[in-house]
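Take each task first, then follow the solution step by step.

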Amino acid sequence: MIRKGSYNPETEAKKNYIAYQNAEMYAKSDIPLHPTGGMNCLTPKEIWADFDPYADALDAVSDGEIRHTFTVKSYGEDALLAEIDVYQPDVPSKRAILIVQEYGKEAQREIITELTKDGYTVFVPDYCKIRPDSTTHFPTCVSYGEYGRDNGHLNKVLPTAKETCPYLYALILRRSVTFIEKEFGIKDTIVIGIRDGVEYAMQAAGIDSRIRGLGCVCAAGYKELLSYPVYSGQELKITHDDLAWITGVAGVSYLKNRDIPIFVAIGSNDTISDVDRTYFLSLLNGQEKFRMYVCNGYSDNVNKDCFGTLKKWLRLTYLDANLPALPTIDVRLNNDGVVYTEVKADADSAIRSAVVYYALDDINHETRNWIKAVCETVGKGEYIANIPIPHEDARLFCYAHVTYENDVGVSGFITMTDFTDKRVTITQEVSDNELYTYGGLKKAFNEYNEQPVLFTENIIGYVIPVGLKGIVNKTGQMILFVGDGTKNIESERVMQVDCYSEEKPFDLVLCLTDERSIKYYVTKNVYTDSTFEGVLLRCTDFKDEHFRPLTGWKNVKRLTVCTKNVVISKLLFV
């Protein structure tokens with residue numbers, strides 16, 4: 001048997017708290033830190049030691065409809081006030097969902113509607129005053145809490161964690177729980193964070209014992225480590241400022257303090273969090289209460305099936321029950337050198353299907369080209385799937401996803417297996433010049449949208465006036481993960497994009513992302529009549545944020561069609 005990966009968080013953890021790159025010491029340690037250098041590092045317990053959620057009067061007022069305002073904290077003659085919108089189900093409910101929306105954005109209305117339809121009372125605080133007419137008010141001494149006025153307090157300790165935006169937002173969330181309890185008589189609250197709102201939700205859930213569970217949508221903590229891929233071998237370089245943030249502000253520093261159910265809904269290629277680190281998140285308060293759904297190929301979005309599983313998790317959490325356990329995966333090598341995976345799933349509920357998603361060599365989770373391998377059943381809750389290995393010394397990333405007959409889906413943790421010095425049967429790669437052809441079997445586009453939950457599939461086939469077909473996203477961007485599709489393409493070759501739009505003319509905006517997540521953009525003004533136009537692009541046409549050109553195609557890992565309503569028929573090199 002091949003061990004599941006060359007990465008072991010216990011043996012590779014450093015000797016001090018700074019080594020939280022590998023999560024064990026960072027997640028589990030209760031060591032208070034007061035390093036030299038003038039930076040005061042406070043732990044969550046120290047930060048909130050004198051906080052009483054009931055000390056100040058709420059003085060809550062309402063507009064008579066959904067909008068309410070309450071006092072969070074008094075600052076001399078002024079006070080921090082928070083606006084909170086309350087959405088009631090048709091039948092009065094004693095189960096509350098507190099939504100922590102993305103920073104600077106309003107909560108997605110479809111999410112609220114879906115939750116109220118399921119019988120929850122939904123509370124949405126405007127924690128950063130995102131609307132000019134919002135009744136959320138920050139006194140002058142903490143005016144940095146207002147959206148667009150953070151003055152560095154959003155991402156830095158100035159001078160301690162108590163003078164940060166995240167502290168203010170967690171304070172508003174904790175007082176929101178008091179508001180829910182005192183004004184609506186509800187003592188069962190689950191917090192759902194969305195995108196970067198997950199960080200603030202983690203803080204509140206990790207320090208406030210009144211919160212029953214935590215849902216994480218499109219993020220899963222550890223954002224401080226996004227530039228340090230788990231399997232890169234990079235040594236974490238950290239300053240005293242960083243250490244103060246990690247100790248007293250980072251969401252995962254709070255979660256180690258509580259044993260609560262956690263559900264993570266995340267894309268396999270998220271840019272806000274690293275899906276590879278969800279294993280470490282699960283260690284914070286025990287894996288038995290941790291559940292996860294990974295939307296394969298998604299970046300900072302999840303789909304309706306994932307959200308449906310989140311809703312089932314909510315219902316079960318209120319019943320002190322849980323979803324099926326996460327599937328496990330082992331990578332094995334048979335006597336003929338063929339690589340295959342063994343999946344074990346929780347079979348207490350009827351299983352509809354099991355699949356394995358795998359990717360090769362790419363240590364950067366954001367750019368991995370995931371491939372689906374359908375599993376064969378070998379026993380109750382037991383499956384196998386063959387994995388083709390295209391070259392020696394490959395590194396295999398894989399995880400299992402299981403769907404149950406009741407439409408619940410759960411995903412296992414991502415593992416890495418290094419085949420260096422292993423005798424593996426090689427499956428020859430077929431190289432060609434095409435990245436994408438409509439109707440082909442090779443690759444497919446994935447959707448990206450500003451809204452976190454995609455309740456409808458917006459990438460659709462489209463017939464242009466002459467009868468030819470292509471693919472289009474009417475509401476957002478389209479992403480194509482190319483894997484090794486460009487590694488043998490010479491830099492002198494030209495990319496041809498066959499495209500069409502109903503707009504005459506239109507700006508075609510494309511973005512190429514390399515293995516280091518550096519983005520290169522190009523904009524071409526295109527006119528099409530009734531058929532596809534072949535737009536020709538050289539690699540040097542693409543520029544990064546410093547206007548430096550892309551010097552070759554071989555390290556390109558992802559292509560994004562940034563312009564909506566553009567029909568793509570083919571992408572190839574000529």
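## Exercise 1: Aromatic pairs

Tyr-200 is buried, with a relative accessible area of 4%; buried means under 20% relative accessible area, exposed over 50% and partly exposed in between, with a 1.4 Å probe and protein chains only. This is a predicted model, where local features need pLDDT of at least 70, side-chain atom pairs count only at pLDDT 80 or more, and totals for chains, interfaces and linings use all residues. Residues are numbered from 1 along each chain as its sequence is written, and side-chain values use heavy atoms, with hydrogens and water left out.

**Task.** Classify the ring pair of Tyr-169 and Tyr-200: how far apart are the centres, and at what angle are the planes?

**Solution.** 

Step 1. Recall the rule: rings of Phe, Tyr and Trp (its six-membered ring) pair if their centres lie within 6.5 Å; planes under 30 degrees apart count as stacked, over 60 as edge-to-face and the rest as tilted. The count by this rule is 23 aromatic pairs.

Step 2. Helices (H or I, at least four residues) and strands (E, at least two) are DSSP runs, numbered from the N terminus. Phe-123 is buried at 0% relative accessible area, and Phe-179 is also buried at 0%.

Step 3. Now for the tyrosines: the ring centres of Tyr-169 and Tyr-200 are 5.2 Å apart and the planes stand at 75°, so the pair is edge-to-face. Tyr-169 belongs to helix α4 and Tyr-200 to helix α5 (residues 197-207), 31 residues apart, so this pair too links distant parts of the chain.

Step 4. One aromatic cluster is formed by Tyr-103, Tyr-127, Tyr-147, Tyr-169 and Tyr-200.

## Exercise 2: The nine-stranded sheet

**Task.** Work out the strand order of the open sheet of 9 strands. Which strands stand at its edges?

**Solution.** 

Step 1. Two strands pair if DSSP finds at least two bridges between them. The order is β1-β2-β3-β5-β4-β6-β7-β8-β9, with mixed pairing.

Step 2. The edges are β1 (61-62) and β9 (290-295); each has a single partner strand, so one side of each is left without a neighbour in the sheet.

Step 3. For an antiparallel pairing, take strand β2 (residues 67-75) and strand β3 (residues 78-87), joined over 8 bridges. Phe-70 lies in strand β2, and its bridge partner in β3 is Ala-82. The C-alpha atoms of Phe-70 and Ala-82 are separated by 5.6 Å. Phe-70 is buried at 0% relative accessibility.

Step 4. For parallel pairing, move to β8: 4 bridges join β7 to β8, and 6 bridges join β8 to β9. Gly-215 stands opposite Phe-263 in β8, while Val-264 has Met-292 as its bridge partner in β9.

Step 5. Look at the side chains of β8. Ile-262, Val-264 and Ile-266 point one way, Phe-263, Ala-265 and Gly-267 the other way, and all are buried. With 6 of its 6 residues buried, β8 is largely enclosed by the rest of the structure.

## Exercise 3: Confidence

**Task.** What is the average pLDDT of the chain?

**Solution.** 

Step 1. pLDDT is the predictor's confidence in each residue, from 0 to 100. The chain averages 90, and 93% of the residues score at least 70.

Step 2. Over residues 1-39 the pLDDT is below 50. Where pLDDT is low, the predicted coordinates should not be read in detail.

How values were computed: Contact means heavy atoms within 4.5 Å.
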